[in-house]
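Here are a few notes to go with your first look at this one. Have the viewer open while you read, and take the points in order.

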Amino acid sequence: MMMRKRDILTKIEESGLVAVVRADHADQAKRITEAAMKGGVVSIEITYTVSGATDVIKELGTEFGDDLIVGAGTVLDAATARIAILAGAKYVVSPYLDEETARLCNRYQIPYMPGVMTIKDIVHGLECGAEVMKVFPGELMGPKVIKAIKGPIPQANLMPTGGVSVDNVADWIRAGAVAVGAGGSLIGKPDEDGYEKITETAKQFIEQIKFARNE
């Protein structure tokens, strides 16, 4: 049974963490995913900078089913979004807002998370039906930007990506982020540091998110 859009968004928001997977090749992407899942991650974003990303999305979806929310990241156009959706992507993430991609995702009731940097971007995203927007790159603005945005636009659901780490993730959550995206700070260099480190870092991320939410 196909997951509904609302159920996908709810699982991502409840978890609070999206693991952004950039890898040198498909096998590495799958190993990163498995290590992150051992640490409690339930949502993985396979970026289209990974060679063979479409096949990775399909294979992960087949192997893990609804136990893993597999999304497509770094999607620059509607054509790529449609390929990813056909492969089983449950959500689509872009580094910027593309109206054609937004319309396509709405057509198939797939969550679309565009990258935003300004109030204008956010309002435009809301108008295009984006229910969660990726504040990107997060390191340029810091956690205070979430609270600042939600002052005039409290209905915006914001997911910072870029610059989110174990040390500051609680600050992002306290500021009002519904979830965070973590790539390099979560994955590191697995071939050098070992895949077990991804598992441990994922556990720390989730622990800090829960701590901030329960304060």
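Is the crossing in which α2 passes α3 left-handed or right-handed?

1. It's right-handed: that is how α2 goes past α3. Bear in mind that what you're looking at is a predicted model. To find the pair, look for α2 at residues 26-38 and α3 at residues 53-64. Their axes come within 10 Å and cross at roughly 40°.

2. Now for the side of each helix that takes part. From α2, the contact uses Ala26, Ala29, Lys30, Thr33, Glu34 and Met37. Facing them in α3 are Val56, Glu59, Leu60, Glu63 and Phe64. Sorted by type, the residues of this α2 and α3 contact come out as six nonpolar, four charged and one polar.

3. Next, the rings. Charges over rings do turn up, though. Take Arg31, which also lies in α2 (residues 26-38): its charged end sits over the ring of Tyr195, at 4.0 Å from the ring centre. Lys134 does likewise with Phe136, its charged end lying over that ring at 4.4 Å from the centre.

4. Finally, zoom out to the whole protein chain. Along the principal axes, the C-alpha trace spans about 45 × 40 × 30 Å.

Key:
Residues numbered from 1 in each chain as written. Predicted model: local features only at pLDDT ≥ 70, side-chain atom pairs only at ≥ 80, totals over all residues. Heavy atoms only, no water. Axes fitted to C-alpha atoms, helices over the stretch in contact; angles between N-to-C directions. Helix = DSSP H or I, 4+ residues; strand = E, 2+ residues; numbered from the N terminus. Left-handed = near helix turned anticlockwise from the far one by under 90°. Contact = heavy atoms within 4.5 Å. Nonpolar A, V, L, I, M, F, W, Y, C, P; charged D, E, K, R; others polar. Lys NZ or Arg CZ within 6 Å of the ring centre and 35° of its normal.
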